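Visitor: Hi, I'm new to this one. Can you walk me through the pockets and the ligand?

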Amino acid sequence: HPTTLLPYSERIKLHTNPTAKKILEIMDRKKTNLAVSVDVNTASEALEVIRRVGSSVCMVKTHVDIFEDFTESFVEELVKLSKELDFVIFEDRKFADIGNTVSLQYSSGIHKIANWADLTNAHSVPGPGIIAGLSKIGEPLGRGLLLLAEMSSKGSLAVDGYTEETFKMAQEAGRSFVIGFIAQNRIDKSDLIKDGEDYLIMSPGVGLGAKGDSLGQQYRTPRECIIDSGSDVIIVGRGIYGIKGGEQAVKDEAERYRIEGWKAYEERISK
Ligand code: BMP
């Protein structure tokens with residue numbers, strides 16, 4: 001695949017969306033393709049994890065609807081940390097409704113996601129109206145969107161034709177707002193991709209220890225994601241914040257994944 005041989009730095013100019021550019025710039029500057037998912041119960045715990053791992057990551061992924069103590073001040077602190085520690089904020093909201101509803105969910109309610117999240121994501125199941133509804137809100141703010149083209153969980157229905165149609169839906173929407181995919185593989189196949197097009201492929205389901213969990217999650221190593229499958233960003237949750245041994249252990253584990261991910265990337269582009 002043409003993209004997998006290019007350094008992140010050379011892909012910046014292939015994008016117009018400010019969030020896509022920012023992600024690639026940070027990856028290059030901080031030498032990291034690691035995103036940490038902070039799926040803990042409280043906003044205050046999440047901030048603690050972020051303070052520990054922030055310098056090792058290009059992106060922090062949140063599920064703010066998990067927090068029992070979500071407030072506006074969490075958002076203020078998160079944005080402040082994103083500037084200090086140089087990372088992008090990705091709210092893993094997985095929108096899945098008609099355009100009108102998602103535009104309200106994205107801009108309003110308690111969370112007002114569009115106000116603070118650089119990046120969010122959506123399922124393609126409702127059709128292109130979901131992209132139109134979200135882009136109406138997010139594009140003027142310079143936000144980016146990922147479509148879920150594949151999932152890491154066992155028995156996922158996002159395979160084959162669904163995955164391919166998702167790619168085509170993104171391609172038709174254009175890259176001013178849709179900047180890539182949540183996927184397990186380089187789904188922007190070289191026979192589908194057009195000259196000068198570039199997408200960011202971000203893969204969850206990454207772990208150096210366990211092979212999965214009891215609820216269908218399946219893990220691959222950073223190497224498998226980046227070299228074998230051509231992913232650009234590895235997303236790690238429990239493998240990092242769930243490590244035993246206290247604050248320093250979490251920090252060290254993030255560095256371990258950062259180094260693994262970066263080594264694999266350097267090997268990939270040197271092929
Ligand atoms: P963990 O590394 O602890 O298994 O967490 C994975 C994270 O990635 C979770 O936040 C989950 O919602 C998300 N995720 C996933 O695991 N698989 C997908 O296909 C898409 C996801 O967003």
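**Pockets and ligand**

Guide: Start with the second largest pocket: α10 gives the largest share of its lining, three residues. Helices here are DSSP runs (H or I, at least four residues) and strands likewise (E, at least two), numbered from the N terminus. A pocket is found on a 1 Å grid over the protein atoms alone: an open set of points where a 1.4 Å probe fits, with protein on both sides within 12 Å along at least five of seven lines; lining residues have an atom within 4 Å of a point.

Visitor: Before we go on, what sort of model is this?

Guide: This is a predicted model: local features need pLDDT of at least 70, side-chain atom pairs count only at pLDDT 80 or more, and totals for chains, interfaces and linings use all residues. Residues are numbered from 1 along each chain as its sequence is written, and side-chain values use heavy atoms, with hydrogens and water left out.

Visitor: What volume does the second largest pocket have?

Guide: About 170 Å³, where a volume is the space filled by probe spheres set on grid points joined across faces, edges and corners. Its lining has 13 residues, and Gly209, Ala210, Arg238, Gly239 and Tyr257 are the closest to its centre. Two or more lining residues come from each of α9 (238-241) and α10 (247-269).

Visitor: And the largest pocket?

Guide: Its volume is about 430 Å³. It is lined by 26 residues, with Asp39, Lys61, Ser152, Pro204 and Gln217 closest to its centre. β3 contributes the most to this lining, three residues.

Visitor: Where does the ligand sit?

Guide: In the largest pocket; that takes more than half of its atoms within 2 Å of the pocket's grid points.

Visitor: Which residues are closest to the ligand?

Guide: Asp39, Lys94, Ser152, Tyr219 and Arg238, out of 15 that surround it. A residue counts as near if one of its heavy atoms lies within 4 Å.

Visitor: What about polar contacts?

Guide: Those are pairs of N or O atoms within 3.5 Å. A polar side-chain atom of Asp39 is 2.6 Å from a ligand oxygen. The side chain of Tyr219 also has an N or O atom 2.6 Å from an oxygen of the ligand. For Arg238, a backbone N or O atom lies 2.7 Å from a ligand oxygen.

Visitor: How much of the ligand does the protein bury?

Guide: 90% of the 470 Å² that the ligand exposes when taken alone. Those areas come from the Shrake-Rupley method with a 1.4 Å probe.

Conventions:
Polar contact = N/O pair within 3.5 Å; in protein donor to acceptor, adjacent residues only side chain to side chain.
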